[in-house]
Amino acid sequence: MLLQKIHKLRTLLLLIVILAGVFLWKPLQQALVVNNSLRIWFKEDAPALKQYDDFQRRFGSDEVIIILFSDERGVLQKANIDKIKALTARIEAHPDVALVLSISNMKMLQKEGIGLIASDLLDARLSEQERREKLDRVPLLSRHLINEDFTATRLIVQFKRLPDMDARRGQIIQAVKEVAYQEIAREQLAFGGVGVIFEGLNELSQQDFGLFLAIAYGVMCVVLVYLYRSFLILILALGVIALATYFTLGLYGLAGHELNLMSTLIPIILVLLGMIDVIHIVNERMHLQSHAINAREKALTALKNVWKPCLFTTLTTMAGFLSLLFTPMSILREFGLFSALGILLCLIFTYLLSLLMLPLLKDIRSRNFPMASLWHDVIQYKKVLLIATLVLCLISVVGMFQVKVDTYTLGYLPQDHPVVKDHVLITQKWGDYMPLELMLDISENYSIHSPEVVQRSLRLMDTLKSMEGISAGFGFSSLTQAGLQAQYGDKADKALQSKSAVLQMQRVLRRYYPALYTHLVDSTGQYARITLFGKMSSAATLKDKMDTLMALSAGTMDSLATVIPSGYLPMYADIINYVTQSQVKSLALAIIFIFLLVWIFIRDVQLALVALLTNMFPLMILFGWIGWLHIDLDIATASIAAIGLSFCIDDSIHFIYDYKKNRLTGMNSYEAQAQTFRKIGPALVTSSLILFCGYILMVFASLKTIHLFGSLTALMVIAALYAQLVIFPLLIQKLDTGSR
């Protein structure tokens, strides 16, 4: 009755859809901007994010680009010095750049009379050898700007703190690169830093997003036309997916979101999952071909017959995605919410377009799958299949104990990507360079001018530099020490113990290094900054390093100051906890939600249990392979289990629904399963084939997140099909009391 009313209103509903689509056009454009900032992984009230924002309020942005300029003949030649000066000046002139540190603009403190004067670190009138000797006299500054054999120098570019940095980062980095390439040959330059890595991910995300969305559409077209030999069915499926994708991304943009590592997968998910209901509707319509009713009635009858299973498959799929709402990661919560919304829209548009187009289908032909013989083979060889299943489960359980949780952002990029190549070059020419920021919250009885604070801070840096993976450090105390050495020479250590000497030096530094001093000490004088330079590490390694670092810091600074990890890297280290919590919570909730929905749908605890147990198999296979192949459980793989479970159980719902109807007609378990195999089996195989073909092609993606998501999901699809065709019948025979 309801379907007939909707059928009468189909033209009006289509007009409403068109008007809504026009309204969402601008938000859709906003959503298509790619943003892989680290902030999007956290809740706004996350402690790590609060510390990061507090650090930026006090010291400005920690967005830094490292520009490495190398020349095997030596970078201190006059021509190179001129290039560095010109490049430094042009980058400093950029309105979004706060500070540039290079050998061309750094001042050198020299004693004159009883005071100090500042002169250029490098003088163009000096010979190359004289420049080297001068740099050797100021190792604190020079070793942060030039390597030991004088074949490479670096410029440290710090951006201003901008409210829209995530949106403008790519534009600013590109502007800096263009200026650099105008002054220095491209092959002599390399760019590094957290922002550079994220921008590389943004570009590759956008590239893979378009490519694999097109591939998914192509696979769908080829497989559908091959299986059904009907362009009208192809147009129906394309229309459903295009509308669902358009409206989902439009609403995503309307909510103020931009595409990221995870949300770029939403259109691909909708392409492949959105057609499953279409396949089941078409499959049901095929079984009505011999009925003596017109095409319109056949269409409405088919839509009515599959309404309940399609509704509950949509709800269970949504439940898997919505379970991500309870994870602590913002990026996963948004992904889960809008994926679930997209799945719901797929169902709505499937029925709307089916009411328009399905009556036009007069005859449907499809490729035949030998489901009857497959069913008999399963029953005949059930002992062999049972043993094989148990062996696979045992192997998977062993692999599950080898699963590790970790995230390595640079590893998401292919080895031949320019960002990775530049990272390798900087590491070879310079060494470890990734900045790890520490903020010193100095106790009330002390200040930045207290000799005790400066001395302990120096001791802290010496202690931390002895850690594996930490190669250098620079902070307010090391700059103070360098100034005292310039003024007092051998008596600098004694001057470090004098509050008046330290206070006077702070004034000198503020005068001669105003930008750098503000970069190291906040306006109150109660907070100071230390920057350590170390190896680019995975989140797990970094977390272990941070734990050790904090223990050493607490022991060294004692009651003088509290050391607070700041900047991007501590947030990055926290991801390891977020991923673990996300996996455990989302999977547990998905299992509970899906079991309850299946139970409500079929009102049979035994069959609901059979469905759930059947779909535990693909989960075991997934985690087993992740363990055996030493794939880290990270942002790319943390959500696969819950999502995979949600759509793997779709097949079980359609199978159980038809199986139970057959049982109610008086068939025993054996007969009911055989009949269900013949009717539902082709749709299960067809949908699994399309899903597998669409996802497996993602192994060719350049971005590791898409590569892993596709390959592991394809594995789950195959495991789920095996579970449905093999494990489900075996469990039914054991648990259904009406078995033959």
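Begin by selecting helix α20 (residues 476–488) and helix α22 (residues 499–512) in this predicted model. Their axes come within 10 Å and cross at roughly 100°. An angle of 65 to 115 degrees counts as roughly perpendicular, and α20 and α22 are therefore roughly perpendicular to each other.

Display the side chains where these two helices meet. On α20, the residues in contact are L479, T480, G483, L484, Q487 and Y488. On α22, they are A501, V502, M505, Q506 and L509. Which classes of residue make up the contact of α20 with α22? There are 7 nonpolar and 4 polar residues, and no charged residues. As a general point, an α-helix has 3.6 residues a turn, so residues three or four places apart point the same way.

The axes of α19 and α20 come within 8 Å and cross at roughly 110°. That angle makes α19 roughly perpendicular to α20. Select V453, V454, S457, L458 and M461 of α19, together with F476, S477, S478, T480 and Q481 of α20, to see the residues that form this contact. They divide into 5 nonpolar and 5 polar residues, with no charged residues. T480 of α20 is listed in the contact with α22 and in the contact with α19.

Next, select the strands β7, β8, β9 and β10. They form an open sheet of 4 strands in the order β8-β9-β7-β10, with antiparallel pairing. Where are the edges of this sheet? The edge strands are β8 (470–475) and β10 (561–566), each of which pairs on one side only. From one strand to the next, the twist averages 25°.

Within this sheet, select β7 (residues 434–442) and β9 (residues 527–534). These strands pair in the antiparallel sense over 8 bridges. L438 stands opposite I530 in β9. Now bring back helix α19 (residues 451–465), which packs on the sheet and touches β7, β8, β9 and β10. The direction of α19 makes about 165° with that of β8.

Move to the other sheet of this tour by selecting β1, β2, β5 and β6. This is an open sheet of 4 strands in the order β2-β5-β1-β6, and its pairing is antiparallel. Strands β2 (97–101) and β6 (189–192) each have a single partner strand, so one side of each is left without a neighbour in the sheet. Neighbouring strands here are turned by 20° against each other on average, direction ignored.

Select β1 (residues 64–70) with β6: these strands run antiparallel and are joined by 4 bridges. L68 stands opposite A190 in β6.

Finish with helix α10 (residues 231–254). This helix has 24 residues and reaches 34 Å from its first C-alpha to its last, close to the 34 Å expected at 1.5 Å a residue. Which residue caps its N-terminal end? Select S230: a side-chain oxygen of this residue lies 3.4 Å from the backbone nitrogen of L232. Then select G256, which follows α10 and has a positive phi, near 90°.

Notes: Residues numbered from 1 in each chain as written. Predicted model: local features only at pLDDT ≥ 70, side-chain atom pairs only at ≥ 80, totals over all residues. Heavy atoms only, no water. Pairing = 2+ DSSP bridges. Axes fitted to C-alpha atoms, helices over the stretch in contact; angles between N-to-C directions. Contact = heavy atoms within 4.5 Å. Expected span 1.5 Å × (residues − 1). Polar contact = N/O pair within 3.5 Å; in protein donor to acceptor, adjacent residues only side chain to side chain. Parallel < 35°, antiparallel > 145°, perpendicular 65-115°, else oblique. Nonpolar A, V, L, I, M, F, W, Y, C, P; charged D, E, K, R; others polar.
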